[in-house]
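Subject: Structure handover

Hi,

Here is the structure for you to open. Please have it on screen while you read the notes.

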Amino acid sequence: MNAVRLTMAQALVKYLAVQRIECEGREMALFEGVFGIFGHGNVAGLGEALYQAREALPTYRAHNEQTMAHAAIAFAKANGRRRMMAATSSIGPGATNMVTAAALAHANRLPILLLPGDTFASRDPDPVLQQVEHFGDPTITVNDCFRPVSRYFDRITRPEQLLTSLPQAIATLLDPEHCGPATLALPQDVQTFAYDYPESFFAPRVHRIRRPQPDPRELEAAIAALARAERPLIIAGGGVHYAGACERLGEFARTHGVPVAETQAGKGALPDIHPCAVGAIGVTGSEAANLLAREADLILAVGTRLQDFTTGSRALFERDDLTLVALNAGRFDSQKHHALPLTGDAFDGLVALGSGLVDWRPSDAWRGRADNLKREWAEVVARVTADEGHELPTDAQVIGAVNRQAGNDGTVVCAAGGLPGELHKLWRCAGPGSYHVEYGYSCMGYEIAGGLGVKMAHPDREVFVMVGDGSYLMHNSELATSVMLGQKLIVVVLDNRGFGCINRLQQGTGGAGFNNLLDDCLTIESGAPKTDFAAHARALGCEAENVRDIQALEGALVRARQAETTYVIALDTDPLPSTAEGGAWWEVAVPEVSMRGQVNEAYASYREAKRRQHR
């Protein structure tokens, strides 16, 4: 056996550098590179190895471990889970900073390879700097926090363990069902240990994403159910994008005349102008999609995990005679809500369904109903996103301005707060790649870092990051990284002076305004200071300006498109309004007993709504 003597860290880096992926008939590097912030737990081992391989596997420096991992996750999402990145930190706070990002990737079923440094396997210097000692179990370190939020976890305590663990980690990252974060905890001494690795371990390998095929009996049952349906509705989830099935879905819907609603992760699967596209579904859905969901006799859920925002906390699909067919690569998801399961790849599943339903179409009345509702909803969108000259514009009006400037080459990026709900309802998608909203984990602080990852994945697209003042103040440091890397973003900061979305939810459940808007918080007597977001962004190397209204915003967006570096635009917005039209009930528990009459009224409404939940 021919062998090469390498340290564990050198072997890991060499292996990652030769992994390839087949994308649309082309071979590409599976790993774009590694985001890294070095400390004593990874600089001498993994850091030195990355330096030696920096041309084959680039290393990108960020400013925060959580947000660098967010950027890596966004890169993978924007690449349809076909290409990805790794992220490395030192042991201690660097590692635990990445736990939030791991949870985000796990919730959204997105791949990232996490490589946190770990404490000495030898235990010679215990307790090492930043080591959290567990008195009853010395094998536990802070990296064990990654276990519940990783799809694959291993602690590499001997260099030869890479031979079995690293291929399993890669397999998990590429698995259509079990995709999610893989974590390899790397004790800092073991990173530097040498081993005679087989040369064959480092032979370039081309990976191809598995496409699980539907079971013939499940397929037969699904075709029979669809053939009986007169009022069908398709719900498209993120799995449609990841299976590369957007065009196939559009053909299936057009051929059979079936309306298509979209989840947050599925939005953009069809362009807004597609005749079968009826908009967003669920709590933040369009009136068209939600009315069709209530009236449908069959729902075909494709590539969606059917979480509570999609189902209106199980109250939207309330008909007892409704048939739910779930086409999903994962058995866990295809079995939800007592659905008729069709476990398999979304693309091949749609092809198989189409082959068994050649002459099937729903009733003319149902197709006409969908067309009318879509037309009425388009009128609502046009009205609520129009500039009405308000001193404090609404989120919807800002979305309208950005949407108009985004064009066909723009991608909107957002995550938490009220903006994702408004975007889901109101953003007109040009098609796949135009909409990137992280709402599976709804993580504040993802927005700017996520925008960086999207731009790295698609440098030819204009990336429009929409972010509230709350999320901006949580995590903004990757603005400096975007400037440093020459990855231009257009960032629109909507300043409503607080956590406006949760303030609305608080008041909607009968609570008093408390600790969300800055005016309702403990502050100095003169109140919380007004943040100059444009000045702050300029200090990080961006071009930036503050604007007063929608007309000025439109002009600033034109200048931002012409700029060569990251451009930040800030404006004040009204924290109170959100689009009343559309939407569905969302279960948020309300106290049974309260001294506030508003809470008691909200509880009565809550109990009434729960009666509509379908169990």
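Below are notes on a helix pair, a sheet and one arginine.

This is a predicted model, in which local features need pLDDT of at least 70, side-chain atom pairs count only at pLDDT 80 or more, and totals for chains, interfaces and linings use all residues. Residues are numbered from 1 along each chain as its sequence is written, and side-chain values use heavy atoms, with hydrogens and water left out.

**Helix pair**

Helices (H or I, at least four residues) and strands (E, at least two) are DSSP runs, numbered from the N terminus. Two packed helices are described by the angle between their axes and the distance between the axes. Axes are lines fitted to C-alpha atoms, for helices over the stretch in contact, and angles run from 0 to 180 degrees between N-to-C directions.

Helix α1 covers residues 8-17 and helix α2 covers residues 43-52. Their axes come within 8 Å and cross at roughly 40°. That makes α1 oblique to α2 (under 35 degrees is roughly parallel, over 145 roughly antiparallel, 65 to 115 roughly perpendicular, the rest oblique).

From α1, Ala9, Gln10 and Val13 meet Gly45, Leu46, Glu48, Ala49 and Leu50 of α2. Contact means heavy atoms within 4.5 Å. By class, the contact of α1 with α2 has five nonpolar residues, two polar and one charged (Ala, Val, Leu, Ile, Met, Phe, Trp, Tyr, Cys and Pro are nonpolar; Asp, Glu, Lys and Arg charged; the others, Gly among them, polar).

Seven of the ten residues of α1 are buried, so α1 is largely enclosed by the rest of the structure. Buried means under 20% relative accessible area, exposed over 50%, partly exposed in between (1.4 Å probe, protein chains only). Among the buried residues are Met8, Leu12 and Tyr15.

**Sheet**

Six strands form an open sheet with parallel pairing, in the order β5-β4-β6-β7-β9-β8. Two strands pair if DSSP finds at least two bridges between them. β5 (59-61) and β8 (152-155) stand at the edges with a single partner strand each, so one side of each has no neighbour in the sheet. The twist averages 20° from one strand to the next.

β6 (residues 84-89) and β7 (residues 113-118) pair over four bridges. Threonine 88 stands opposite leucine 115 in β7. Helix α4 (residues 93-108) packs on the sheet and touches β6 and β7. The direction of α4 makes about 150° with that of β6.

**Arginine 294**

Arginine 294 is in helix α9 (residues 287-295). Its relative accessible area is 33%, which means partly exposed. Leaving aside neighbours within four places in sequence, arginine 294 contacts Leu316, Glu318, Arg319, Gly583 and Ala584.

Best wishes
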